[in-house]
Structure formats: structure tokens, C-alpha cells
Amino acid sequence: MTRSLDPLLTAVDGALRTLFARPHASRSLPKPAQPPGRLSDAERREAGALMRVNHVGEVCAQALYTAQAAVTLDPSLRAHFVAAADEETDHLAWTRQRLNELGARASLLNPLWYAGAFGLGLVAGRLGDALSLGFVAETERQVEAHLDGHLERLPAGDTESRAVVLQMKADEARHAAEARSAGGQELPAPARAAMRLASRVMTTVAHRI
Ligand SMILES: [Fe+2]
Ligand SMILES: [Fe+2]
């Protein structure tokens, strides 16, 4: 009885904390190697839009990891997912801080992104631990590639956002490697393609809204 309620309560608690509480980073905001340059209005808007996309990605990361932690029956794997979600909280806090500093707002659709990602996490979790971890590895690999693209697109003068994205990219690469070494199985090509498509929809919409 409590077992069947657990995932629901975890979902509600995780969603409320991610969407409405101020996230607390355990590591301090990554420092830029070079002092920031002056941004034109257009550059500031573009940097804000890109960091909004990255913030949405971190909202989704919270949802995915929380859902997967809720459904796995293996306590050590649950601990792995919870620890990963903790580290993603740093990313959530850092991207949020950059949004504030750039004068940009978070996505208005965050509750929807959270719900969608939570649902995906539940489905992945129910496929069994090897595929669930494979889903994590593939997600993190795609996020890493996407962050690489943002390093090309972020204005050169926004060294502060670039420092955040660089550290996130390194963390996501490690998350992918950890999921693979914990037994993550390679997903079939159509699943990987569907994930790329879903993330393209999310990044295109979140760039604006
Ligand atoms: Fe992240
Ligand atoms: Fe990650």
C-alpha cells in the first residue's frame, strides 16, 4: 500500500521542489577563466534563451532521475539515481542563477517538461535496470553533445555562462560513463532517434517559451 503510494508522493515532492523551491548547489558556481565582456542586448537575449533551454534540461534531469529512483527495486541503484539527482541540483541552481543574472526567465512550460520527463523516467524504469541505466547513459550523452553545441552558440563575452556549461558538460559525460559501468545497456537505434527528436522539440520550444 505504501509502496504503491511512494512513487506518487516522490513525484509530487520532487516536482514541487524542482519547480518552486530555490535549488541549493553544493558546489559553488563555476568561475570563468576570463573576465566577462560587454554583451549587446541581442547577445544577452540569446544567452538567456540558451540558458533557459539548459535550465529546462536540468528540470527534466530532476524528473528523470526521481522517477527512475522511484521505480527501481534495487536499493543500490536507487542510491545511484538519488546521488545523480543531487549532483544535477547543482546544474539546476547554476542555470537558474545565470538566468537571473542575464535578466531572462525560466520556461513557462516547466511543469509540463517535468511531467513529461517524469513519465519517460517511469517507463524507462519499468523496462528493467539495464535498460533504465542505458536510457540514462544515452540521455547524458545527448545532453553532453547538446552542451557542446551551446559552447559554439553562446556569445564569446558571456564567459560566465560558458564556465557553467563547460562544467555541466564534464559532469554529464561522467554521468554517462557511470551509468554504462553500472550495467547500462545500449538502447536500440529507433529509441535513440526518438530521444533526439523529443529533445529537439523541447530545445526549440524552450528557446522561446
Ligand atoms: Fe545536468
Ligand atoms: Fe547529468
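## Aromatic pairs

In this predicted model, a search of the whole structure finds two aromatic pairs, where rings of Phe, Tyr and Trp (its six-membered ring) pair if their centres lie within 6.5 Å, and planes under 30 degrees apart count as stacked, over 60 as edge-to-face and the rest as tilted. The rings of Tyr-65 and Phe-81 have centres 6.2 Å apart and planes at 45°, so this pair is tilted. Because Tyr-65 belongs to helix H2 and Phe-81 to helix H3 (residues 75–102), the pair ties together parts that are 16 residues apart in sequence; helices here are DSSP runs (H or I, at least four residues), numbered from the N terminus. Both Tyr-65 and Phe-81 are buried, a term that means under 20% relative accessible area, with exposed being over 50% and partly exposed in between (1.4 Å probe, protein chains only).

Tyr-114 and Phe-118 form a stacked pair, at 6.1 Å centre to centre and with 20° between the planes. These residues are four apart in helix H4 (residues 110–126), so about one helical turn separates Tyr-114 from Phe-118. Tyr-114 is buried, with a relative accessible area of 3%, and Phe-118 also counts as buried, at 9% relative accessibility.

## Iron site

The iron ion (ligand 1) is coordinated at 2.0 to 2.4 Å by Glu-58 (OE), Glu-58 (OE), Glu-88 (OE), His-91 (ND1) and Glu-172 (OE); donors are N, O and S atoms within 2.8 Å of the metal (3.2 Å for Na, K and Ca), and water is not among the atoms, so sites may look incomplete. In sequence, the donor residues of this iron ion (ligand 1) follow the spacing E-x29-E-x2-H-x80-E.

Glu-88 bridges the iron ion (ligand 1) and the iron ion (ligand 2), which lie 3.8 Å apart. Distant parts of the chain are linked by the pair of Glu-58 in helix H2 and Glu-172 in helix H6 (residues 159–181), 114 residues apart, and both Glu-58 and Glu-172 are buried.

## Packing of H2 and H5

Helix H2 (residues 41–71) and helix H5 (residues 129–153) pack at an angle of about 170°, with their axes 12 Å apart. Axes are lines fitted to C-alpha atoms, for helices over the stretch in contact, and angles run from 0 to 180 degrees between N-to-C directions. H2 and H5 are therefore roughly antiparallel to each other, since angles over 145 degrees count as roughly antiparallel, under 35 as roughly parallel, 65 to 115 as roughly perpendicular and the rest as oblique.

## Basis of the values

Residues are numbered from 1 along each chain as its sequence is written, while chains are lettered from A and ligands numbered from 1 in the order in which they are written. Because the model is predicted, local features need pLDDT of at least 70, side-chain atom pairs count only at pLDDT 80 or more, and totals for chains, interfaces and linings use all residues, while side-chain values use heavy atoms, with hydrogens and water left out.

How values were computed. Helix = DSSP H or I, 4+ residues; strand = E, 2+ residues; numbered from the N terminus.
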